[in-house]
Amino acid sequence: MKLTVIGAGTIGAGVAYNVALRDLFDEIRIVDLNEEKAQGEALDMSHAAATFSDTIIRQGSYEDADGSDVVAVTAGKPRKEGMTRADLLEVNAEIMDAIHDNEFGDDAVFVTTTNPMDPINYTHSIVSDYPRERFVGFGGWLDSARFQYVLAKQLDTAPSTTEGHVIGAHGETQVPVFSRVTVNGQSADIPDDDKPEIKEQIRQSAMDVISRKGGTQWAPTLGVAEVIDAIVRDEQRVIPCSAILDGEYGHKNVSIGVPCRLGRNGVEEIVEWDLTGSEQEAFDESAETLKEMCGEAEALL
Ligand code: NAD
């Protein structure tokens with residue numbers, strides 16, 4: 001089994017490291033324009049992994065990416081303070097365009113973090129010959145973890161017993177699914193008056209980190225490793241990820257966060273949850289915003 005990680009920056013290096021410790025792959029190749037950085041990261045994490053894992057971790061080039069089982073796409077500019085993810089569309093669509101041209105092999109599943117992740121995941125799918133299920137946009141796991149953290153503070157519960165999911169865009173129009181929040185498996189009623197503040201706290205979560213330490217790392221890289229784990233072990237676990245819709249939730253021609261059953265083929269099924277009227281309305285609004293961005297991204301290719 002082979003994982004190619006494109007980008008040896010904060011996210012790419014963290015993903016490679018988290019995955020290496022799980023001993024899931026025979027080989028991890030790290031590809032970056034900055035080859036020295038990729039070599040240094042590969043060496044450093046090889047030393048760390050040596051006592052836990054037999055995965056071989058090496059710097060690689062795009063030529064080495066053929067025959068990948070999973071490709072983690074993390075290359076691209078990150079946000080700076082005050083920027084939205086949408087502000088990165090133009091610069092990162094260009095980077096994705098360069099990545100598309102390479103051979104990754106017939107079995108590859110692409111797990112993309114590069115922002116704005118939903119339209120980037122969408123454009124990657126339309127310029128390639130792979131079926132739509134091979135494109136797994138990463139963001140929903142992270143937004144859901146942040147929702148869980150905020151909810152636990154609000155409800156005064158332990159975060160690990162508090163479950164909540166976020167669907168919709170990995171961005172300003174994300175949709176926390178309040179109707180499915182549970183604590184210890186029991187549904188939890190969140191007062192309507194509390195919801196706007198909770199939504200705002202989740203929306204602001206990433207910038208609270210970026211403004212202090214320059215970028216997020218621990219939460220997204222653990223989440224990407226969880227997603228890759230679910231794919232490689234064919235777990236059939238449901239995790240919110242961005243998927244290319246073809247009529248599900250009433251939308252097409254867009255990549256957006258939805259509950260995805262993950263397995264060896266990537267998105268094995270888009271699970272259609274019963275949403276409340278207001279949740280579906282918020283999801284529709286988010287989908288329309290993303291369709292516009294997907295169109296803009298497509299025009300840049
Ligand atoms: P970074 O600047 O630390 O690293 C980006 C790396 O990409 C750099 O090392 C750069 O050399 C490399 N790169 C650029 N063009 C390349 C190309 N054509 N081929 C190979 N490598 C190339 O940035 P980061 O903090 O690692 O963030 C990476 C991306 O992930 C950003 O777009 C960021 O916004 C996004 N992100 C997404 C999530 C999410 O949940 N989806 C979370 C955090 C960050």
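Predicted model: local features only at pLDDT ≥ 70, side-chain atom pairs only at ≥ 80, totals over all residues.
On the domain 1 side, 45 residues take part in the contact. Domain 2 brings 54 residues.

Now, the area. An interface's size is often given as the accessible area lost when the parts come together. Here, about 4000 Å² is buried between domain 1 and domain 2. Carbon and sulfur atoms give 67% of that. Which residues of domain 1 lose the most area to domain 2? They are Tyr 122, Arg 132 and Phe 138. Together, these three make up 20% of what the domain 1 side buries.

Next, the polar side of things. Between the domains we count four salt bridges. We also count 14 residue pairs in polar contact, with both residues at pLDDT 80 or more. As for a salt bridge you can look up in the model, take Asp 229 and Arg 22. Their side chains meet at 2.6 Å, N to O.

So much for contacts; on to the elements. Several parts of domain 1 each supply at least two residues to the side touching domain 2. The helices among them are α1 (10-20), α3 (89-100) and α4 (117-127). The strands are β4 (70-73), β5 (109-112) and β6 (135-137). Which element gives the largest share? That is α4, with eight residues.

Last, the make-up of that side of domain 1. By class, it has 22 nonpolar, eleven polar and twelve charged residues.

Conventions
Residues numbered from 1 in each chain as written. Heavy atoms only, no water. Contact = heavy atoms within 4.5 Å. Buried area = accessible area lost by both parts, 1.4 Å probe. Polar contact = N/O pair within 3.5 Å; in protein donor to acceptor, adjacent residues only side chain to side chain. Helix = DSSP H or I, 4+ residues; strand = E, 2+ residues; numbered from the N terminus. Nonpolar A, V, L, I, M, F, W, Y, C, P; charged D, E, K, R; others polar.
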